[in-house]
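Here is a friendly briefing to read alongside the sequence and the model. Please keep both in view as you go through the points.

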Amino acid sequence: MKFSRRHWFGLAGASALAPWALGPRAAVASESPALAGVHAPVHTLNGWTLPYRMVDGVKEFHLVAEEIEHEFAPGCRARCWGYNGTTPGPTIEAVEGDRVRIYVTNRLPEHTTIHWHGIILPSGMDGVGGLSQPHIQPGETYVYEFTLRQHGTHMYHPHADEMVQLAVGMMGMFIIHPKDGEPERIDRDYAIMLHNWALHPGTYRPDPSVLQDFDLWTMNSKVFPAIAPLVARTGERVRIRLGNLSMWNHPIHMHGPRFVVTGGDGGRWPKSQWRSEVTEIIGVGQTRDFEFIAEPGDWAFHCHMSHHTMNAMGHEIPNTLGVDQSGIESEIRKLLPGYMAMGEGGMGEHQNHTDSGHMRGPENTLAMMMGNGPFGNLEMGGMFTVVKVRDDLAAGDYRDPGWYPNPKGTVSSCVSRDPGFGAPHRRGPPPGPPADMKAAPVDHSKMKHG
Ligand SMILES: [Cu+2]
C-alpha cells in the first residue's frame, strides 16, 4: 500500500541521466531526488510524462508542436496535431518552487503559442499570441521561463488559431506538486484530459469548424474500450485529476465509493471546501481533482451525458422506437450505403450487429457502442473506463488486472423468466406482455463469478 521509496529513487536516478530527447515510450519519472517519496508520480492514462533535464538549477523541458498520426481505438486513426508525437501532449510535472524553462519548437504549417492555463506567471510568459508575445512561426523555437508559485492541476494549450489547434488535439496537463507534501498522502495520482472531436465517419482529419455535433468523446484522446483502466489496491488513496479542453461540460460520474473534490484549475482547495460527490461537472476550460479511498470491485467511470459514451452516430435521424422496420433498411441502403437504422426495440442491438460484422459502417469509423465485459456487451464508447480495485496489487502496478472476481453471492442474478412474475404494486391494469417478449437464452459460460 505504501509507495516504495526505493522504486522512486531508482526512477529519479534514471531521470537525471535521461538523454535530452527521449521518445514517448521512454518516459521516466520527472522528479528531483530531494523530494523523493513526498508524492506519487502522476500517471497519465494511455499517456506519458515529459522528461526534463536540470541546467543550473532550472528544470528544462522541450515541447514540439507537430502533426501526428493518432489512433483513437483500433480501427480508427486520424491526422491530428499534438506535442512530441502524441495527443494529448506529454504531462509536464514539477514541484512548487521549481524554476522551469520550457522550449517550444513549432513544426506545424502555421504559427502557434502555448498558454499555461491556471499558472501564475509574468504577463509576457502567458502565451497569448499577439497580446503577450509574437506568434511562434513555423520552424521557430521560443522559450518560456517562470517560477512555479502554486500547486495544483493545470493545463497547457495554444492561444493561437485556437478553434483549429484545439480541435485537432493540441493540449496537455501541467501538474505542480506541493513542496511540503499533501495534506492526505496520495498513493496513485491519475491525470485525464477530456476532449471532443469532429472526425466524421469515413474521414481521417478532425473537422475544426464543428461547434456542437462531435463524433468522438475522449479521455486522453482515446475512446472506450481503448482507454486504460484506473487501477488501484484496496485502501489506497487515489486522486484523479481531470482537465477539460473540449467544447462541452462533462458531468463525470464514478460508481462505487464517493469521492471528495479537492481542487480545480485555480489550485487545491482548503480542506474546509472539500465536498463529497459521485458526479462532478468538469466545465469547459476547467480542471477538477477527485480523491477517494479505493474499494474492491470494477467501478464504471464515465461522462454522464449518455451520447458522450458513444462513438460516431447520426443525430438527425427519425425516432424509430417501436416502429416495424423490416424491409425498410435494405431499401435505404441501396441509396445510402452503410445506412444503419436506429433499433426498433432500443439501440442496444446495435452492438450485436456491428460486433458480428454483418453491419459495417464507413471506413475508419468505430462502431457507436463497443466493448465486452464479463457478462456481455458493455454498449459503450467514448468517455468510459473502469476503476479496477484489487486487494493484492503491488504499489505502482498499473497493469490491467482483468475482470473483478466477485465474491460468491454478491452478483445480481435471474430469478424468473416469466414476464408475469410476482405481484408488484402498480397503478392501473397491466397492459399485457409485449407481443414478442421472449427471454433470450442466457449463456452462463460467459459469466465469471466466484
Ligand atoms: Cu461528457
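Strands are DSSP runs of E with at least two residues, numbered from the N terminus, and helices are runs of H or I with at least four. Two strands count as paired if DSSP finds at least two bridges between them. The model is a predicted one: local features need pLDDT of at least 70, side-chain atom pairs count only at pLDDT 80 or more, and totals for chains, interfaces and linings use all residues. Residues are numbered from 1 along each chain as its sequence is written.

**Confidence**

- pLDDT is the predictor's confidence in each residue, on a scale from 0 to 100.
- The protein chain has a mean pLDDT of 85, and 78% of its residues reach 70 or more.
- Over residues 1–36 pLDDT stays under 50, and the model has 57 contacts beyond four places in sequence for this stretch. A contact here means two residues whose C-beta atoms, placed from the backbone, lie within 7 Å.

- Strand 21 (residues 297–303) and strand 24 (residues 384–390) run antiparallel and are joined by six bridges.
- Across this pairing, aspartate 298 stands opposite lysine 388 in strand 24.

- Strands of a sheet pair through backbone hydrogen bonds, either parallel or antiparallel.
- Strand 9 (residues 152–157) runs antiparallel to strand 10 (residues 172–177), and five bridges join them. Within this pair, threonine 153 has isoleucine 175 as its bridge partner in strand 10.
- Strand 7 is also antiparallel to strand 9, with three bridges between them. Here histidine 117 stands opposite methionine 155 in strand 9.

**Burial and the nonpolar core**

- A residue is buried if 20 or more other C-beta atoms lie within 10 Å of its own, exposed if 12 or fewer do, and partly exposed in between, with C-beta atoms placed from the backbone.
- In strand 9, six of six residues are buried. Gly152, His154 and Tyr156 point one way, while Thr153, Met155 and His157 point the other way.
- A nonpolar core is a set of buried Ala, Val, Leu, Ile, Met, Phe, Trp, Tyr and Cys residues joined through C-beta atoms within 7 Å.
- The largest such core has 85 residues, and those with the most contacts inside it are Phe174, Ile192, Leu216, Val223 and Leu366.
- Strand 11 (residues 188–197) gives the most to this core, with six residues.
- Leaving out residues up to four places away in sequence, phenylalanine 174 touches Ile92, Trp116, Ile119, His154, Met155 and Tyr156.

**Backbone points to check**

- Most residues other than glycine have a negative phi, and most peptide bonds are trans.
- Threonine 87 and proline 88 are joined by a cis peptide bond, with omega about -10°. Proline 88 is in the loop between strand 4 (76–83) and strand 5.
- Asparagine 84 is found in that loop between strand 4 and strand 5, and its phi is positive, near 55°. Asparagine 84 counts as buried because it has 21 C-beta neighbours inside 10 Å.
- A cis peptide bond also joins phenylalanine 224 and proline 225, with omega about 5°. Proline 225 lies in the loop between strand 12 (216–219) and strand 13.
- Asparagine 46, in the loop between strand 1 (42–44) and strand 2 (53–55), has a positive phi near 60°. Asparagine 46 has 16 other C-beta atoms within 10 Å, so it is partly exposed.

**Proline 401**

- Proline 401 lies in the segment after strand 24 and counts as partly exposed, with 17 C-beta neighbours inside 10 Å.
- Apart from neighbours within four places in sequence, proline 401 is in contact with Val231, Lys388, Arg390 and Leu393.
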